[in-house]
Amino acid sequence: MYLFKRAADLREALGQEKKAGRRIGFAPTMGALHQGHISLIQAAKEQSDIVVTSIFVNPTQFNDPKDFEKYPSTLQQDILLLTAAGADYLFLPSVAEMYPEGVNGSHPHYDFGYIESVLEGASRPGHFQGVGIIVHKLLDAVEPDDLFMGQKDFQQCMIIKRLLEITGSKARLYICPTLREPDGLAMSSRNMRLTPEQRVTAVEISRTLQWVKDHLHDRPFPELRAEGLARLEKAGFVPDYLQLASGSDLRLLEAPENGPMAILVAARLGDIRLIDNMTVGR
């Protein structure tokens, strides 16, 4: 695996791969890797000739500076995992490399429309603009043919789909299934911060989602939402939201409809904010 710290050097190397007719797959990450990330690498290996990944903890997408400071870092282990998984290139830029204009400098504003205004967008104002800024910069550096994201960040995947349209990128977006621990907890870098006691409690998020999904067509959704939120509170969470939304455009729903849907949840356990979702229908 080749490691690059400068976008210009990476772009030159990948340019040679493209001249040779190789298809480039890209899976951006913020490090603290787990098997969910590795599944993106594996998917990229199946669809692409060359697999590129990046590790960059992006400061512009954190609303809480303390959350940014506490974000887990396991770089040496990450490099070993990526090497073993068969990644070909790792882009490991500094903040100065990605933000030569400065983190607080002038950045583009992206018209993400409604999908930026609800759920994570409502809870974390400016978050998705930060995601758009960094993913746009990474796309410019890699110019991938294929882009691989995880379904656990369902709303973010919809934001990235819109970003590809806005920027005119020809990259094909693959949304890969959420990987879960044996007890059902969605794999997440933030899980590393959970205490043993919190880790036991955290699984109630996926259990609640599954319970709502199992009863979605049996009871009115407002009742399910209220009971689901109560279940999370009883377990020790401070819930942010539990919502049913259209799987195509993220419209918030008060009752199931035909077509794909998603049940989405966010809740805090101590100072750790966890998100998860489950899809319904096709």
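Colleague: What strand order does the open sheet of four strands have?
Modeller: The order is 8-7-9-10 with antiparallel pairing, where strands are DSSP runs of E with at least two residues and helices are runs of H or I with at least four, both numbered from the N terminus, and two strands pair if DSSP finds at least two bridges between them. Strand 8 (252-253) and strand 10 (272-280) stand at the edges with a single partner strand each, so one side of each has no neighbour in the sheet.

Colleague: Before we go on, what are we looking at?
Modeller: This is a predicted model, in which local features need pLDDT of at least 70 and side-chain atom pairs count only at pLDDT 80 or more, while totals for chains, interfaces and linings use all residues. Residues are numbered from 1 along each chain as its sequence is written, and side-chain values use heavy atoms, with hydrogens and water left out.

Colleague: Over how many bridges do strand 7 and strand 8 pair?
Modeller: Strand 7, which covers residues 238-246, pairs with strand 8 over two bridges in the antiparallel sense, and L244 stands opposite L253 of strand 8.

Colleague: And which strands does helix 10 lie across?
Modeller: Helix 10 (residues 204-215) lies across strand 7, strand 9 (261-269) and strand 10, and its angle to strand 10 is about 25°; such angles run from 0 to 180 degrees between N-to-C directions, with axes fitted to C-alpha atoms and, for helices, over the stretch in contact.

Colleague: Switching to the open sheet of six strands, what is its order?
Modeller: The six strands follow the order 1-4-3-2-5-6 with parallel pairing, and the edge strands, strand 1 (2-4) and strand 6 (172-176), each pair on one side only. On average, neighbouring strands of this sheet are turned by 25° against each other, direction ignored.

Colleague: Which residue in strand 6 is the bridge partner of F148?
Modeller: That is Y174; strand 5 (residues 146-150) and strand 6 pair over five bridges in the parallel sense.

Colleague: Which strands does helix 2 touch?
Modeller: Helix 2 (residues 35-47) packs on the sheet and touches strand 2 (24-29), strand 3 (50-55), strand 5 and strand 6, with its direction at about 155° to that of strand 5; contact here means heavy atoms within 4.5 Å. Helix 7 (residues 127-142) packs on the sheet as well, touching strand 2, strand 3, strand 4 (89-91) and strand 5, and its direction makes about 150° with that of strand 2.

Colleague: How many salt bridges are there?
Modeller: The count is 22, taking a salt bridge as a side-chain nitrogen of Lys or Arg within 4 Å of a carboxyl oxygen of Asp or Glu. E120 forms one with R273, where the closest N and O atoms are 2.6 Å apart, and this pair links distant parts of the chain, since E120 sits in helix 6 (residues 120-123) and R273 in strand 10, 153 residues apart.

Colleague: Last one: where is T201, and what does T201 touch?
Modeller: T201 belongs to helix 9 (residues 196-202) and touches A235, F237 and L269, leaving aside residues up to four places away in sequence. I166 is 35 residues from T201 along the chain, and the C-alpha atoms of these two residues are separated by 40 Å.
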